[in-house]
Amino acid sequence: AAKLTYDGTIPKKKSLLKSGKSNFDFEIGDNLKFTGYVNDDFETIVDAPTTNNDYLFDINNADCPFTICGEETEIVDVTNPSTGETWMDRNLGACQQATASDDYNAYVAIFQWGRLSDGHECITWTGSSSGTPVNDTTSTLSNSDDPGHNDFILSNVSPYDWRDPQNDDLWDGASSTNNPCPSGYRLPTEAELNTERTSWGSNNSAGAYGSPLKFPVAGYRYNSDGSLSGAGSNGYYWSSTADITSARRLYFYSNYSSPGSGSRASGYSVRCIKD
């Protein structure tokens, strides 16, 4: 028996698969079906490969690919005149700026604090409050800054981090080890996020979306089991600031918003600020 394994051209981007199925056994001469997707448009190729083959999919749907994560985020700057700070106008991983607070085209990626953009952050969103994580989960903590895989790492034991031992400096500045933002951008500090919050017209999710940055409510992922919660109603955004064994975040609901602490193995949205 031979073995078929997905081998993409972008390192660590197995998340680009519509299905996570790979590395399965087959016999030489077996008919295999390969399907490439862009949003709801797709093409299927059926073949019986006997050697390594490349397949070219002809897909014309170029709409905002909210079901695809791992592509480079287009850089469009937006400046808040109240704070004077310049940010990317959309969440990291999103294909557009939010057109509503619950615009799931603008959700896309949910990061564990301090991790690279390695695919663990990818979610397939099917509605404003519904989505499915693309990749598997694992309970094996990483002993290095780069886990070397795209699984979402679970942790339900203190200090609730995906990395052991912990590293406070993973997102500390544009030149930090695991900065997932484009060149010239970085994670904001807690103070920078809070300054944005205090400039909003109202201290809640409506104020977050009404601001020049138009923060959407993508919810979060639990550190204990990787499940999604709060999408369509709550927003959670990481800062670069470590907080003893946790990390600082900004969160907002329909009636309230505040800075706070979150476990580093939890998954929140990321918005990059210009360095």
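**Salt bridges, loops and a helix**

Student: Which side chain does Asp168 meet in a salt bridge?

Tutor: The partner of Asp168 is Arg264, and the N to O distance is 2.8 Å. Asp168 lies in the loop between β11 and β12, and Arg264 in the loop between β17 (257–262) and β18 (267–268), so this pair ties together parts that are 96 residues apart in sequence. A salt bridge here is a side-chain nitrogen of Lys or Arg within 4 Å of a carboxyl oxygen of Asp or Glu.

Student: Before we go on, what kind of model is this?

Tutor: It is a predicted model, in which local features need pLDDT of at least 70 and side-chain atom pairs count only at pLDDT 80 or more, while totals for chains, interfaces and linings use all residues. Residues are numbered from 1 along each chain as its sequence is written, and side-chain values use heavy atoms, with hydrogens and water left out.

Student: Back to that pair. Is Arg264 buried or exposed?

Tutor: Arg264 is buried, because its relative accessible area is 0%. Asp168 counts as partly exposed, at 38% relative accessibility. Buried means under 20% relative accessible area, exposed means over 50%, and partly exposed lies in between, with a 1.4 Å probe and protein chains only.

Student: How many salt bridges does a search of the whole structure find?

Tutor: The search finds 11 salt bridges. One of the pairs is Asp275 with Arg186, whose closest N and O atoms are 2.8 Å apart. Asp275 lies in the segment after β19 (273–274) and Arg186 in strand β12, so the pair ties together parts that are 89 residues apart in sequence. Asp275 counts as exposed at 61% relative accessibility, whereas Arg186 is buried at 12%.

Student: And which residue forms a salt bridge with Arg248?

Tutor: That residue is Glu190, with the closest N and O atoms 2.8 Å apart. Arg248 counts as buried at 18% relative accessibility, and Glu190 is partly exposed at 22%.

Student: Which residues are linked in a network of salt bridges?

Tutor: Glu74, Asp89 and Arg90 form such a network.

Student: You mentioned α1. Which of its residues are buried?

Tutor: In α1, Glu192, Leu193, Glu196 and Arg197 are buried. Seen down the axis of α1, these residues fall within an arc of 145 degrees, so they line one face of the helix. The arc is that of the directions from the helix axis to the C-beta atoms. An α-helix has 3.6 residues a turn, so residues three or four places apart point the same way.

Student: What is exposed on the other side of α1?

Tutor: Ala191 and Thr198 are exposed there.

Student: Which elements do the buried residues of α1 pack against?

Tutor: They pack against β6 (86–88), β12, β15, β16, β17 and β19. Contact means heavy atoms within 4.5 Å.

Student: How many helices and strands are there overall?

Tutor: The protein has 2 helices and 19 strands. These are DSSP runs numbered from the N terminus: helices are H or I with at least four residues, and strands are E with at least two. Buried residues make up 47% of the 275 residues.

Student: New topic: where is Pro159 found?

Tutor: Pro159 is in the loop between β11 (152–153) and β12 (185–186). The peptide bond from Ser158 to Pro159 is cis, with omega near 15 degrees. Pro165 is found in the loop between β11 and β12 as well, and the bond from Asp164 to Pro165 is cis, with omega near 5 degrees.

Student: What about the phi of Tyr160?

Tutor: Phi of Tyr160 is near 60 degrees, a positive value in a residue other than glycine. Tyr160 is placed in the loop between β11 and β12 and counts as partly exposed at 34% relative accessibility. Ile244 also has a positive phi, of about 55 degrees, although it is not a glycine. The place of Ile244 is in the loop between β15 (235–243) and β16 (246–252), and Ile244 counts as exposed at 73% relative accessibility.
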